[in-house]
Amino acid sequence: MNFLLPSALFALIALALPVLIHLSRRSQEQRTDFAALRWLQARFRPRRQPIVQEWLLLLIRLLLLSVLVLFLAIPVRQQTPAPEHWLVAVPSAVWPSDAELPSEKSVSRHWLAPGFPPAERPVPNTTVPVASLLRELDAKLPAGTQLTILVPERLRGWDAEQPRLQRPVRWQIVKGQMAAPASRLEIPSMVLTPDRAKAERARYFRAAYRVWQAHLPDAQQRDVPLVAADATPPASARIWVYLSSGKIPETARRWVQGGGTLMLVPDAVFDAGESDVLWRAEDGSILLVQQAVGNGRILQWRQPLNGTQTPQLLDAAFPERLQAVLTTSPQPDATLASIQQPRSGASPVAPDPQPLQPWLMLAVALLFVAERVLATRPGRSLPA
């Protein structure tokens with residue numbers, strides 16, 4: 001139990017008032033003269049020992065004041081439910097067989113949707129981003145609760161950075177389709193400026209461009225168009241992969257300001273401002289950042305473009321992830337579940353406090369009634 005206004009507890013000093021009042025009052029005595037004692041000289045001996053009368057009434061008054069002070073201090077209680085095991089599935093995921101699921105009896109199955117409805121209900125139709133629902137669920141569950149997430153191979157409603165949760169998560173990829181196949185996604189209108197000194201950089205982007213056209217007939221497939229470093233891309237181009245090192249030309253900067261997207265290598269030079277992380281590796285290292293320039297944006301790799309130092313370039317999912325990065329602005333919405341497992345280590349969120357003032361108000365009313373009954377009862381020797 002905590003107090004939202006703990007300074008009000010100083011009012012407990014007022015508990016001394018009922019005690020002083022009871023010590024100062026004496027029972028009313030009616031003097032009766034006896035004839036045999038009339039001629040004796042009266043000798044009064046003051047009583048120095050304090051005597052408290054009506055202990056029950058004093059106790060109720062002290063308790064009434066204490067409850068009033070607690071009411072003013074606004075006490076709240078942090079309720080922590082018992083931990084359990086939650087099994088949550090993205091609505092587009094297919095529930096696997098019971099043999100593939102956790103065998104604990106206390107497993108609670110839910111959909112990853114607003115309100116986290118039980119799995120027994122129909123599949124909900126939601127447009128809330130998956131990453132936001134994950135963070136909300138992590139903040140809602142009590143500490144110690146195990147969490148297993150069933151996700152399809154592709155996720156939609158995702159942001160660029162992997163979620164950081166306060167608990168480790170079992171990330172289980174199951175059957176299901178949440179997004180359209182990569183063949184139906186928009187093929188970026190991309191042009192390429194290779195670097196003669198480092199020609200191997202261009203092969204990753206040429207290969208990705210061919211993968212994007214895999215659903216087209218062979219007669220319609222073509223290689224990525226090439227543009228000289230000091231030239232201006234054609235009007236139809238929206239993505240310019242500029243692989244040359246050194247300072248970018250002024251023509252490229254003006255092209256970006258007009259609304260284009262320029263992708264640079266790590267050793268390219270431009271007037272840098274604040275950049276946002278667009279792509280992180282599984283170990284947390286930054287792969288790609290973006291910066292808004294005029295009506296366009298500049299993307300720059302932070303890792304060398306070779307398969308040894310950046311193994312993501314050799315991953316089978318690289319063309320699909322690159323396509324999502326280039327065709328979505330400012331941040332990709334679709335991604336692969338295999339590279340987006342949430343990380344643990346986020347600060348725990350305290351549960352919502354429950355107010356105790358209504359119960360204290362009831363206790364004050366009952367104690368006040370009891371105090372009035374005892375203070376005004378017939379035959380009481382002290383005034384109310």
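**Entry 1, the chain as a whole.** I am working from a predicted model, and I began with the secondary structure, where I find 7 helices and 19 strands in the chain. Of the 384 residues, 40% are buried, and the chain exposes about 22400 Å², with carbon and sulfur atoms supplying 57% of that area. I then looked up the contacts between residues at least 6 apart in sequence, and 64% of these join residues at least 24 apart.

My search of the whole structure returned 8 aromatic pairs. Are F205 and W301 buried or exposed? I find both of them buried, and I also note that F205 and W301 belong to one aromatic cluster with W279 and F318.

I next took Y209 and W212, which both lie in helix 4, 3 residues apart, or about one turn of the helix. Their ring centres are 5.9 Å apart with the planes at 65°, which is over the 60 degrees required, so I record this pair as edge-to-face. Y209 has 8% relative accessibility and W212 has 2%, so I count both as buried, the cut-off being under 20%.

The structure holds 7 salt bridges, and I looked at R167 with D138 to begin, where the closest N and O atoms are 2.7 Å apart. R167 lies in the loop between strand 7 (164-165) and strand 8 (169-173), while D138 is in helix 3 (residues 130-140), so the bridge ties together parts that are 29 residues apart in sequence. R167 is buried at 5% relative accessibility, and D138 is buried with a relative accessible area of 6%.

Which side chains meet D267 in a salt bridge? I find K198, at 3.6 Å from N to O, and R201, at 3.1 Å. D267 is in the loop between strand 12 and strand 13, and R201 is in helix 4, 66 residues apart. I note that R201 is buried at 6% relative accessibility, whereas K198 is partly exposed at 34% and D267 is partly exposed at 30%. Salt bridges that share partners join D195, K198, R201 and D267 into one network.

Note on methods. Residues numbered from 1 in each chain as written. Predicted model: local features only at pLDDT ≥ 70, side-chain atom pairs only at ≥ 80, totals over all residues. Heavy atoms only, no water. Phe/Tyr/Trp six-rings, centres within 6.5 Å; stacked < 30°, edge-to-face > 60°. Buried < 20%, exposed > 50% of the residue type's maximum accessible area, 1.4 Å probe, protein only. Helix = DSSP H or I, 4+ residues; strand = E, 2+ residues; numbered from the N terminus. Contact = heavy atoms within 4.5 Å. Areas by Shrake-Rupley, 256 points an atom, 1.4 Å probe, with all protein chains shown as cover. Salt bridge = Lys/Arg side-chain N within 4 Å of Asp/Glu carboxyl O.
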